[in-house]
Amino acid sequence: MHNIHRRNFLKAAGAATAGLVTANIALNTNASTVAPKPQAGKSVIGLVAPKMDVVRVGFIGVGERGFSHVEQFCHLEGVELKAICDPHQAVLDRAADHIVKQNRPKPTVYTGNDLSYRDLLSRDDIDIVIISTPWEWHAPMAIETMESGKHAFVEVPMALTVDECWQVVDTAERTQKNCMMMENVNYGREELMVLNMVRQGVFGELLHGEAAYIHELRWQMKEIDHKTGSWRTYWHTKT
Ligand SMILES: NC(=O)c1ccc[n+]([C@@H]2O[C@H](COP(=O)([O-])OP(=O)(O)OC[C@H]3O[C@@H](n4cnc5c(N)ncnc54)[C@H](O)[C@@H]3O)[C@@H](O)[C@H]2O)c1
C-alpha cells in the first residue's frame, strides 16, 4: 500500500514533479499519463550494503566524464579496477593505458557494440559499476547492473522519464542494491557555503526556493563526431 500511495501522490503532483525533474533532464513522458505500477518492494532508503574490504569496480562509458572517474579511482586504496567498456576504441585505450601507468593490473576491456556492457555485467567478480554514458543509456544500464547483482552509480541524470525513475526504484527494491545518481555540484564549496548560511539563518526563514542549471556548454555542440556534442545537443533541442 505504501508504494501505491506514493505513486498516486506522484501522479497527482505531476506538474510539480516535472518541474523538479526537468532541471537538466529531458522529460519526454507526461507524468499524468504514467500508469502507476505498484509492486511490493522493501524500501532501500537507508540500505547499507555489507562492508567490502576491496571494492571491485567496472566502468561503462569512459569518455570525458568516465575517464575522470577512472582517474579518481586510481587514487583510491581498497579498489580494483576490473573492467572497462566503451564502443569508442580511442577512449577505451586511453583509460586502459592510464590504469596500467598507475601501476595497476590491466583491466579487461569490452567493446564492439552498444551492448558489449552486458559482457562486463555478466562477470561475478565486480561489486559496483560506474555508468558515464549518454543520458538515454542511464536507466537501462543501471537497471541491468542491479539485476546482475551489482551496485550502480549513474551519472546525471539517472533517468529520462518518471516511468524510468520508478523502474529504477522498483529494481533497487527488488534486488536490494544501491543505485546512486552521482550528483556532485551540491558538494561544491559555494553550494555548501550557502547551505551553511541557510542553516545559520542568514537569509531568515526560507519559504520558497528555485534553482536552475546555468552552465556555458555551447562549445560542446562542436564536438560532432565524438564526445558530448555528438549526443547531448539532441537532448537540448527537446528541452
Ligand atoms: N556530474 C557532472 O558534473 C557531469 C559532468 C560532465 C558530464 N556528466 C555526465 O556524464 C555522462 C557522460 O558525459 P561525457 O561528457 O563523458 O560524454 P562523452 O560523450 O565524452 O562520453 C560518453 C561515453 O559513453 C560511451 N558510450 C556510448 N554508448 C555506450 C554504450 N552503449 N556502452 C558503453 N559506452 C557507451 C561513448 O562512446 C563515450 O565515450 C553524461 O550523462 C553527462 O551528463 C556529468
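**Exercise 1. Identify which residues line the second largest cavity, and give its volume and the classes of its lining.**

Step 1. The lining is made up of Leu 217, Gln 220, Met 221, Thr 228, Gly 229, Arg 232, Thr 233 and His 236, where a cavity is a set of points, on a 1 Å grid over the protein atoms alone, at which a 1.4 Å probe fits but cannot get out, and a lining residue has an atom within 4 Å of a point.
Step 2. Its volume is about 40 Å³, and the structure holds three cavities of 30 Å³ or more.

The model is a predicted one, in which local features need pLDDT of at least 70 and side-chain atom pairs count only at pLDDT 80 or more, whereas totals for chains, interfaces and linings use all residues. Residues are numbered from 1 along each chain as its sequence is written, and side-chain values use heavy atoms, with hydrogens and water left out.

**Exercise 2. Describe the shell around the ligand and the place of the ligand relative to the two domains.**

Step 1. The ligand is surrounded by 26 residues, of which Arg 65, Asp 86, Trp 135, Asn 184 and Trp 231 are the closest; a residue counts here if one of its heavy atoms lies within 4 Å of the ligand.
Step 2. This shell comprises 11 nonpolar, eight polar and seven charged residues.
Step 3. For the polar contacts (pairs of N or O atoms within 3.5 Å), a ligand nitrogen is 2.7 Å from an N or O atom in the side chain of Asn 184, while ligand oxygen atoms are 2.9 Å from such an atom of Trp 231 and 3.1 Å from one of His 138.
Step 4. The ligand taken alone exposes 850 Å², and the protein buries 86% of that, with areas from the Shrake-Rupley method and a 1.4 Å probe.
Step 5. Helix H3 (64-74) and helix H6 (138-147) are the elements that give two or more residues to the shell, helices being DSSP runs (H or I) of at least four residues.
Step 6. Because domain 1 (55-182) and domain 2 (185-239) both contribute residues to the shell, the ligand lies between them.

**Exercise 3. Characterise the second largest pocket by its volume and lining.**

Step 1. The second largest pocket has a volume of about 180 Å³, a pocket being an open set of grid points with protein on both sides within 12 Å along at least five of seven lines.
Step 2. It is lined by 11 residues, and those closest to its centre are Val 44, Ile 45, Val 169, Ala 172 and Cys 179.
Step 3. Helix H7 (residues 162-175) supplies the largest share of this lining, four residues.
Step 4. The lining divides into six nonpolar, two polar and three charged residues.

Conventions:
Grid points are joined across faces, edges and corners, and a volume is the space filled by probe spheres set on the points. Ala, Val, Leu, Ile, Met, Phe, Trp, Tyr, Cys and Pro count as nonpolar, Asp, Glu, Lys and Arg as charged, and the others, Gly among them, as polar. A polar contact is a pair of N or O atoms within 3.5 Å; within protein, one must be able to donate a hydrogen and the other to accept it, and residues adjacent in sequence count only if both atoms are side-chain atoms. Domain bounds come from an automatic or database domain assignment.
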